[in-house]
Amino acid sequence: GGIVAMQEVARAVPDGYTLIIGHIGTLAINPFLFKDMPFDTNRDFAAVSLLAKVPSIFVVNAGVPAKDLREFVALAKAEPGKLNYGSAGNGSAGHLAMEFLKLVADIDLLHVPYKGTGPNLTDLLAGRTQATAAGTPPLLPHVKAGKLRVIAVGATKRLAALPDVGTVAEQGYPGFETTQWYGLNAPAKVPAAIIKRLADEAAKAAKVPSVAEHFQVDSAEAIGSSPQEYTDFILKEQARWGEVVRKAKITPN
């Protein structure tokens, strides 16, 4: 789950040459999922820059009789516990996204954890499970092939690749947001001047047209934030996902 890599970086020489790509799992979910972490996520790391956001989308097998989120929720409420959703594993971003949806929509779905996105998609495409949530890259090819149907976008705005699909917030759940995001983090004691230099360069890179074009293929958004903006973002995400972990009683196993 990224814990070993994070531990290595936390105890690395704080000279700005050892960095890590932090993400929703390592920075906002793991601190609440695992009881005995070998480091303190907020104390032992410096936030440098939020690099990118990849929107999560909610999809169903093409055979599921639900064209959008409202119809899916109605179906789930008509048959509590009978619809199965898969994820890449316990505590994965997709698992948390679906549990968040279950909480706000007050629906009962059965979670089937797999060892990775590949096995999850294999059973979803075969109709052995009915739904999942994940980033766009592994799902859109199957959507275009007509094997999966997108019922909602987890981001706060619609995607250019899916202009006709409403967000979760648009479909009755204001304030709902789930994205898979990635940022640059450093050991806590790296000097502020080095942190600023790295953040400034990340912000410049995010504005390069070729970077934005490359990210757009996956419906990703290049960010390039300041250290303080990234710090605030992490804390906001921790508040969101910490609550989901607690309310849904999610464990690593």
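Helices (H or I, at least four residues) and strands (E, at least two) are DSSP runs, numbered from the N terminus. The model is predicted, so local features need pLDDT of at least 70 and side-chain atom pairs count only at pLDDT 80 or more, while totals for chains, interfaces and linings use all residues. Residues are numbered from 1 along each chain as its sequence is written, and side-chain values use heavy atoms, with hydrogens and water left out.

**Stop 1: around L96.** L96 has 0% relative accessibility and so counts as buried (under 20% relative accessible area; exposed is over 50%, partly exposed in between; 1.4 Å probe, protein chains only). Show its contacts (heavy atoms within 4.5 Å). Leaving out residues up to four places away in sequence, L96 touches I29, G91, W241, V244, V245 and I250.

**Stop 2: helix 4 against helix 9.** Select both helices. They pack at an angle of about 70°, with axes 10 Å apart. Axes are lines fitted to C-alpha atoms, for helices over the stretch in contact; angles run from 0 to 180 degrees between N-to-C directions. Helix 4 and helix 9 are therefore roughly perpendicular (65 to 115 degrees; under 35 is roughly parallel, over 145 roughly antiparallel, the rest oblique). Helix 4 brings L96, A97, E99, F100 and L103; helix 9 brings R240, W241, V244, V245, K247 and A248. By class, this contact has eight nonpolar, no polar and three charged residues. Ala, Val, Leu, Ile, Met, Phe, Trp, Tyr, Cys and Pro count as nonpolar, Asp, Glu, Lys and Arg as charged, and the others, Gly among them, as polar.

**Stop 3: the core.** Color the largest nonpolar core, 48 residues. Such a core is a set of buried Ala, Val, Leu, Ile, Met, Phe, Trp, Tyr and Cys residues joined through side-chain atoms within 4.5 Å. F58, L69, F72, L109, V168, W181 and W241 have the most contacts inside it. Elements giving two or more residues include helix 1 (3–10), strand 2 (45–61) and helix 9 (227–248). Helix 4 gives the largest share, seven residues. Another core, of 15 residues, lies apart from it; I57, L139, A155 and L159 are among them.

**Stop 4: helix 5 and helix 6.** Select residues 117–126 and 136–144: these helices pack at about 25°, with axes 11 Å apart. That angle makes helix 5 roughly parallel to helix 6. T117, L121 and L125 of helix 5 meet P138, L139 and H142 of helix 6.
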